[in-house]
Structures are given as C-alpha cells and as structure tokens.
Amino acid sequence: MPQHPPASGDAKLSPEVPEDSLFTIEEYLEMYKVAASEPAFSILCTLSEEDKLSASKLGMMLDREDNDLHYYLRKLKRSALIRNRRDPNTGTEETYSYYELTDLRHVILTEGMATGIQELVKEEATISKQDGK
C-alpha cells in the first residue's frame, strides 16, 4: 500500500495531556481500545439508544451470553465509559441494577470513533481512486 505524507494541519499524533487531567494518555488509549472491540462498541451503541439497561435486557437485545456480556461490561466500566447504578425503588425485594453511559463515552463514540471512521472511509475512497488510475 502506498505511503501518503500527512496533510498539513494534521493534529499531533501524540497529544499532550495536562498535568491535572483525570486520566493519563495510556488510560485514554485504553478507553479507545476497549470501545473499539465489536462487543463493547455494540453495548455502547445500544446504551446510547436506550439510556439505561439492565445486564439481562442488554444480553437479550444483543443476543449475548451473560458471561461474555459481563466481561465487556466490566472492561467498559473499568475504562470509565459506562457506570453501574442500583435503584432500590423497584416495588420488589430486588434492587434494580442497570448500566448507563458516562459523559466520556460521547467523546469516544461521536468525536473519536464515528468521526474517525467517516474520515477513514473518505480517505479509503481517495486512495482507491488514486491507486486505480
């Protein structure tokens, strides 16, 4: 595949993280790594459409086994992309446990991944046209 020089005005590849940042660059990269896996990305997208869901409802909507789903829920939670809440006011003896998105996921999903994928698709079309000449 041909190498293309970076376009002028491209952002620095290694962004500076302020000293008082809540997260390190490694933690930010981990957020993207976790969100980029298909199961985790599906969970994030589903939660962005449904606001909050229990693990069992998520499992049904995504057609995923509990063990597999919980693995990705833990990873997303550790990466600060989702949070687990408990609502004791369910009208039953059971506490309702649900997952919801954090504010960080908006930036990761919309500004990072969605925009990045759109740019990659556009660049791919440009490269294909250039290589096809």
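## A network of charged side chains

Glu38, Arg64 and Asp68 are joined in a network of salt bridges, a salt bridge being a side-chain nitrogen of Lys or Arg within 4 Å of a carboxyl oxygen of Asp or Glu. The model is a predicted one, in which local features need pLDDT of at least 70 and side-chain atom pairs count only at pLDDT 80 or more, while totals for chains, interfaces and linings use all residues. Residues are numbered from 1 along each chain as its sequence is written, and side-chain values use heavy atoms, with hydrogens and water left out.

Arginine 64 lies in the loop between helix 3 (55-62) and helix 4 (66-78) and glutamate 38 in helix 2 (residues 38-50), so the pair ties together parts that are 26 residues apart in sequence. Helices (H or I, at least four residues) and strands (E, at least two) are DSSP runs, numbered from the N terminus. Arginine 64 also forms a salt bridge with aspartate 68, where the closest N and O atoms are 2.5 Å apart.

## Exposure of the network

Buried means under 20% relative accessible area, exposed over 50%, and partly exposed in between (1.4 Å probe, protein chains only). Arginine 64 is partly exposed at 25% relative accessibility. Aspartate 68, at 27%, is partly exposed, and glutamate 38, at 47%, is partly exposed as well.

## A salt bridge between two strands

The whole structure holds 4 salt bridges. One of them pairs glutamate 100 with arginine 85, with the closest N and O atoms 3.1 Å apart. This pair links distant parts of the chain, since glutamate 100 belongs to strand 3 (residues 96-101) and arginine 85 to strand 2 (residues 82-87), 15 residues apart. Glutamate 100 is buried at 16% relative accessibility, whereas arginine 85 is partly exposed at 36%.

## The nonpolar core

A nonpolar core is a set of buried Ala, Val, Leu, Ile, Met, Phe, Trp, Tyr and Cys residues joined through side-chain atoms within 4.5 Å. The largest one has 22 residues, of which Ile43, Leu44, Leu47, Leu73, Leu76 and Ile82 touch the most other members. Two or more residues of this core come from each of helix 1 (25-35), helix 2, helix 3, helix 4, strand 3 and helix 5 (103-131).

Beyond its neighbours within four places in sequence, leucine 47 is in contact (heavy atoms within 4.5 Å) with Lys52, Leu53, Leu58, Ile82, Tyr99, Glu100 and Leu101.
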